[in-house]
Amino acid sequence: MAGLEFLIVVSVMAAAAVALPAAKDGSGTVPNRVITLERAFPANEKMEVEVVRARDRLRHSRMLQSLAGGIVNFSIAGLADPTIFGLYYANVKLGSPPREYNVQFDTGSDLLWLACTSCQGCPTRSGLGVDLNFYDAASSSTASLISCSDHICSSITQTAYAECFSESNQCGYSFQYGDGSGTAGHYVSDMLYFDMVMGNSLVMNSSAPVVFGCSTSQSGDLTNGYRAVDGIFGFGQQDLSVISQLSSQGITPKVFSHCLKGEETGGGILVLGEILDPRIIYTPLVPSQPHYNLYMQSISVNGQVLPIDPAVFATSGDRGAIVDSGTTLAYLASEAYEPFINAINDLVWQSTSPFVSKGMQCYVVNASSITYIFPPVVLNFDGGATLVLRPGDYLFRTEHFDRTEYWCNGFQKHEQGVTILGDLVLKDKIVVYDIANQRVGWADHDCSTTVNVSITSGKDEFTNVGQLSVNRSPRSAFHKTHILFLMIGFLL
């Protein structure tokens, strides 16, 4: 540690040697004016490097607040194919010293949570071929438990995301997901580490404190080791999500984008920023909703609008059309599902043999024929936005027990009347969630290629052009300043 001690001493001496402007007093003499500096750490005590690094990270997080508008990226791995994995997951670094965790990327929920060392019912092995890591707050020098009296707990409680465990005075939570699985635990604050791109060539290794869940119990499908990961990375638009937390600290804009690769090794791009592409078409979000609800209007099959009452897609109560990366397939309300399947079957029955397998509509057909046999499908949204689906976007390949190749329709019937656009139809597209402007946009894209990302902030109050040597234009105009960015994750 002698090298560290020397570095600190030199730093103090150099700072003390800087002279202040002098002023003469009434006697004509120039009084000495010296800044008195004190050590951050005692001179006679050796410090662990990690303690110094933790202190520097806290300083860096404060500095980032004046450098708003940067782009944060996370590596993505996984695949939409339900016969293989059926999920995408991001790699995040948390704690001091930082540890890596693989967490499912989920736009249908808000909370980032990790399985903790005391977790009951948590898998210890994963069929995805990744090591499972358990978060331990006691091993992180920057971790702090959120108590019931903490203002953070009271603010979360108001949104029904928290409860107070009086016996331990911990701010806790209990979540139930749409598939019946659930998790419970308590809230923790710790440092999240990320690479921040501030310009065409400036990349900062940065960190910021975030509140997340420490899961102590799991149930349902979360206990299944086949698709197990270390937790879930909620990207909802509520205050508890990481995108909202970093935006409120002035670190990132309140917009994020992804491009999920659907073929071969999968993976994709996930950035806390806005991907720019002139082909992107936007549609407004339904306001005051916990999820990314869209104004879906109709479905067209082979150019013909299906006879479905638009009220089927309207947001009311538990109904609506939702974009959710945590859902593998796609779902239609029953009133829309039957006309949709019938329209496709009426067009393909002469070329293939439709049959039902495990509740799914399937067809005996080989891969080379689906493009010619099956029709294009178009989902129509408010503002003239359309989501065009080729046969490969809504069909997935599987095999029968006798090795016969067949394809199944990835749209399933949702008995509760919800329409959900999952990974099956989101893959191979740029998707932008512009929370600040309450809109979602998309465009077809080869997700193994580069994308342009805006470096402007979605929240004007955090924009400080004097801090950056980049050119920013108003959000209503095309941003002249952008960065070329590529981050692809692969399944190993």
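What follows is a set of questions about terms and the values behind them.

User: What kind of model is this, and how are residues numbered?

Analyst: It is a predicted model, in which local features need pLDDT of at least 70 and side-chain atom pairs count only at pLDDT 80 or more, while totals for chains, interfaces and linings use all residues. Residues are numbered from 1 along each chain as its sequence is written, and side-chain values use heavy atoms, with hydrogens and water left out.

User: How many helices and strands are there, and what makes a stretch count as one?

Analyst: The protein has eight helices and 31 strands. A helix is a DSSP run of H or I with at least four residues, a strand is a run of E with at least two, and both are numbered from the N terminus.

User: Why is C214 called buried?

Analyst: Buried means under 20% relative accessible area, exposed over 50%, and partly exposed in between, with a 1.4 Å probe and protein chains only. C214 has a relative accessible area of 4%, so it is buried. C214 lies in strand β9 (residues 203-219). Across the whole protein, buried residues make up 51% of the 492 residues.

User: Which residues does C214 contact, leaving aside neighbours within four places in sequence?

Analyst: Contact means heavy atoms within 4.5 Å. By that rule C214 is in contact with L114, C116, Y135, Y173, A184, G185, H186 and V188.

User: Why is strand β1 described as largely enclosed?

Analyst: Eight of the nine residues of β1 (residues 71-79) are buried, so the rest of the structure largely encloses this strand.

User: How do you know which strands pair with β1?

Analyst: Two strands pair if DSSP finds at least two bridges between them. β1 has three bridges to β8 (residues 182-197), five to β12 (residues 268-272) and four to β2 (residues 87-94), so each of these counts as a pairing. Each runs antiparallel to β1. As examples, N73 has D195 of β8 as its bridge partner, F74 stands opposite L270 in β12, and G78 stands opposite Y88 in β2.

User: What makes β17 and β23 the edges of their sheet?

Analyst: The sheet is open, with four strands in the order β17-β16-β22-β23 and antiparallel pairing. β17 (304-305) and β23 (386-389) each have a single partner strand, so one side of each is left without a neighbour in the sheet. β17 pairs with β16 (residues 296-301) over two bridges, and S300 has V305 as its bridge partner in β17.

User: What is meant by a nonpolar core, and which residues touch the most other members of the largest one?

Analyst: A nonpolar core is a set of buried Ala, Val, Leu, Ile, Met, Phe, Trp, Tyr and Cys residues joined through side-chain atoms within 4.5 Å. The largest has 78 residues, and F256, I299, F340 and F374 touch the most other members. Helix α5 (residues 334-348) gives the most to this core, with seven residues. A second, separate core of 16 residues includes L111, I156, V211 and I232.
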